[in-house]
Amino acid sequence: MVERPAAGTHATELMQAADTTLYWAKADGKARWTLFDPERNAHRMTRQTLSNTLRPAVEREEFDLQYQPLVGLGDGVVRGVEALVRWRHPQFGTLAPNRFIGLAEETGAIVPLGRWVLATACRQARRWQLDHPDEPLVVSVNVAVRQVWDSDLVADVAGILAETGLPASLLQLELTESAVMGSAGRPLQQLQALSDMGVAIAIDDFGTGYSNLAYLSRLPVSTLKLDGSFVHGFRAEEHPNPADETIVEALVQLAHRLGLTVTAECVESAEQAERLGRIGCDTGQGWFYSRPVPADRISALLSTGVRP
Ligand code: C2E
Ligand code: MG
Ligand code: MG
């Protein structure tokens, strides 16, 4: 029902708006009423546009990678970098991954996009290796669950390593806990094959899911990346949360006993870095060390040997 004067609207737009609103009402559940919300509509249209243009954007290479250092908590040495994708959208400007990774997973565009990310990160890591042979730098690449299920990740990784010349030992793949939970059959075989190749497997955002260490320790996983929410409790001199520190300390000890290394995400202050180091975390990542930066900033960091 159109109950208000709709300023500057054509009949077709009005019909469309009514249609959209009807759809929302239905989607929200039976016997509901809903008002047209221009913001919700804009959001929907943007999602739709982004979703439709993802695949061609991969072909046009509208994406680029930023890299964020992974730093040894004991010695401050840069051990590796995480590759984080950005979309240089011709219309909407630079988009963070939370705007499009979910869509790419829904549409399956994550498969070609993920392949591009992997190839670009490995090519860059090989360049760092050749330029700085004495400072081995691991590149850590995020992998979405669909890449494990819907594509031949093992063949892609093997092909890209051969093509770029990057040793497998300088590549780490980050998967979330939910991506590997219940993995049996093919996905587990893929993880095993990657691990046998010498590629490291890390569990991203650890602590947000089941946190089933007993289960994870049976998978070919070498690193846990502790979710930022754990580290937040370390922040405040104002309100330190001793429970957080106790939990993280116990987690780190258990992980070490199971042969896993631990990286803390979202390290934002010197104090957090110091306390995480004290309780045995191996590496840290976060704004305290560096924001995600373009590849040439990492090169500069390696050339000067300056700690980030
Ligand atoms: P993630 O893998 O957990 O990456 C870490 C995120 O935390 C990054 O957000 C990074 O910018 C942010 N971060 C780093 N240090 C700090 C800090 O000190 N404080 C706070 N508050 N945040 C910090 P970003 O770049 O927006 O990426 C978001 C997520 O998108 C990533 O989370 C990852 O799950 C996903 N993603 C990024 N690139 C890719 C990709 O190439 N493929 C796939 N499948 N997912 C990706
Ligand atoms: Mg990650
Ligand atoms: Mg993470």
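The model is predicted: local features require pLDDT of at least 70 and side-chain atom pairs count only at pLDDT 80 or more, whereas totals for chains, interfaces and linings use all residues. Residues are numbered from 1 along each chain as its sequence is written, chains are lettered from A and ligands numbered from 1 in the order in which they are written, and side-chain values use heavy atoms, with hydrogens and water left out.

**Ligand 1**
- An N or O atom in the side chain of N142 is 3.0 Å from an oxygen atom of ligand 1.
- The side chain of D205 places an N or O atom 3.1 Å from an oxygen atom of ligand 1.
- The backbone of V85 has an N or O atom 3.2 Å from a nitrogen atom of ligand 1.

**Magnesium site**
- The magnesium ion (ligand 3) is coordinated by D204 (OD), D205 (OD) and E265 (OE) at 1.9 to 2.2 Å; donors are N, O and S atoms within 2.8 Å of the metal (3.2 Å for Na, K and Ca), and water is not among the atoms, so sites may look incomplete.
- The donor residues of this ion follow the sequence spacing D-D-x59-E.
- D204 coordinates both the magnesium ion (ligand 3) and the magnesium ion (ligand 2), which are 3.9 Å apart.

**D204**
- D204 belongs to strand β6 (residues 200–206); strands (E, at least two residues) and helices (H or I, at least four) are DSSP runs, numbered from the N terminus.
- D204 counts as buried because its relative accessibility is 8%, where buried means under 20% relative accessible area, exposed over 50% and partly exposed in between (1.4 Å probe, protein chains only).
- D205 counts as partly exposed, at 26% relative accessibility.

**Salt bridges**
- The whole structure holds 11 salt bridges.
- E82 and K225 form one at 2.9 Å, N to O.
- E82 lies in strand β2 (residues 78–89) and K225 in strand β7 (residues 223–226), so this pair ties together parts 143 residues apart in sequence.
- Both E82 and K225 are buried, and a network of salt bridges links E82, E174 and K225.
- In helix α12, E271 and R275 are 4 residues apart, about one turn of the helix, and their side chains meet in a salt bridge (2.7 Å, N to O).

Technical notes: A polar contact is a pair of N or O atoms within 3.5 Å; within protein, one must be able to donate a hydrogen and the other to accept it, and residues adjacent in sequence count only if both atoms are side-chain atoms. A salt bridge is a side-chain nitrogen of Lys or Arg within 4 Å of a carboxyl oxygen of Asp or Glu.
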